Amino acid sequence: MKLNRSARELLDRYLLAVKRELTGKQREDIAAEIESYLLDLLEERFPETEEVTKSQIEDILQEMGAPRKVAAQYSPQHYLVGPRLFPAYILVLKIVIATVVGALTLSLIITSVIRETSYVWLGVLEYFGTILSAIFSTAGSITIVFAIIERLSESIEIKELDEFHKFKLHDLPALPAEEKEPSKIGTSIEIALSLIGIAFFTYINSTGGRLPHFFNPQTEMELVQVFTDSFLRYVPLILALVGLDLARDVTLLVQGYHSALTNWWQICTQGAHMIMRVFLIQSLPLITLDALRMSGIADVDFTHLESLANTGIATAIAVGMVIITIDTLRKVIREIRKPSA
């Protein structure tokens with residue numbers, strides 16, 4: 001007996017969901033044992049069938065129940081929040097933490113726009129410190145509340161919890177090899193661009209925002225101011241973020257699939273990129289047109305042209321923020337609904 005492609009994929013997704021609920025070194029062995037049991041059950045249930053279909057294995061999996069329920073049979077029964085309350089606990093935890101982080105981020109953006117400050121790094125560090133403190137305190141409080149509910153309601157039936165325990169096949173996680181395999185060519189290109197970016201920003205940081213320019217083919221090269229001091233103070237942060245992106249791409253290339261670590265890694269760095277862009281817009285002007293001024297071009301209002309150039313850069317940064325925000329929200333929703341392994 002063999003499983004057709006769709007049946008095999010469904011079984012693998014179910015086993016992946018079970019493994020996510022298990023801990024310790026026996027995860028693979030337990031998953032293999034469950035797989036063997038399911039195949040034996042299929043052999044017994046459909047002895048005359050040469051190829052098991054998706055609908056046939058769906059019936060078996062529905063009888064087995066939710067992956068969390070199956071995994072609980074192999075897990076030690078020591079917990080603060082038990083399997084009965086755990087789905088509701090995770091849902092409340094995600095909603096509250098997302099609300100707290102969103103409120104703090106919005107507060108920072110509004111504050112940075114209406115109030116000028118020269119202590120940018122202090123503000124960024126204070127933001128991340130506040131976020132971490134809020135996450136830990138919120139998670140701790142919610143855990144304590146659910147632990148108390150767990151102890152007080154052990155013998156009480158809570159019908160509202162039944163909805164959390166309904167097993168729906170379409171909620172099973174997607175397989176990493178099917179949906180989450182990164183493009184090696186695309187990832188390699190991103191690594192190359194990150195290396196170029198690191199080299200470029202390191203260079204302008206060392207030259208104080210100046211780039212080489214030839215005013216006349218017969219003259220020697222000169223360094224001309226292109227980036228302002230307002231932009232240069234963000235270069236260390238830009239280098240750090242590009243370095244994090246590079247490290248993530250290398251991790252993806254090595255492991256060969258998107259995991260929860262790499263996905264949340266990207267979400268966090270994209271959030272940092274959005275915060276940095278807010279400060280960049282606040283710090284205009286970011287570039288200067290000294291190279292054109294020194295070229296000797298007459299009858300040109302360089303001040304107005306420089307203002308237009310910086311306005312264009314600010315517009316591009318704002319558009320980038322909108323794109324990154326939408327992409328980040330999409331990734332967060334996907335990870336919450338169908339978390340990666």
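Which helices each supply at least two residues of the lining of the second largest pocket? In this predicted model, local features need pLDDT of at least 70 and side-chain atom pairs count only at pLDDT 80 or more, while totals for chains, interfaces and linings use all residues. Residues are numbered from 1 along each chain as its sequence is written, and side-chain values use heavy atoms, with hydrogens and water left out.

The helices in question are α8 (184–206), α10, α11 (260–282) and α13 (302–337); helices are DSSP runs of H or I with at least four residues, numbered from the N terminus. A pocket here is an open set of points on a 1 Å grid over the protein atoms alone, where a 1.4 Å probe fits, with protein on both sides within 12 Å along at least five of seven lines; lining residues have an atom within 4 Å of a point. Of the 22 lining residues, E190, D245, R248, D249 and Q266 lie nearest the centre of the second largest pocket. Helix α8 gives the largest share of this lining, seven residues.

Turning to α10 (residues 235–255), this helix also holds V250. At 38% relative accessibility, V250 is partly exposed, that is, between the limits for buried (under 20% relative accessible area) and exposed (over 50%), with a 1.4 Å probe and protein chains only. V250 and T187 are 63 residues apart in sequence, yet their C-alpha atoms are 8.0 Å apart in space.

Elsewhere, I34 touches (heavy atoms within 4.5 Å) L15, V18, M64, V70 and Y74, leaving aside residues up to four places away in sequence.
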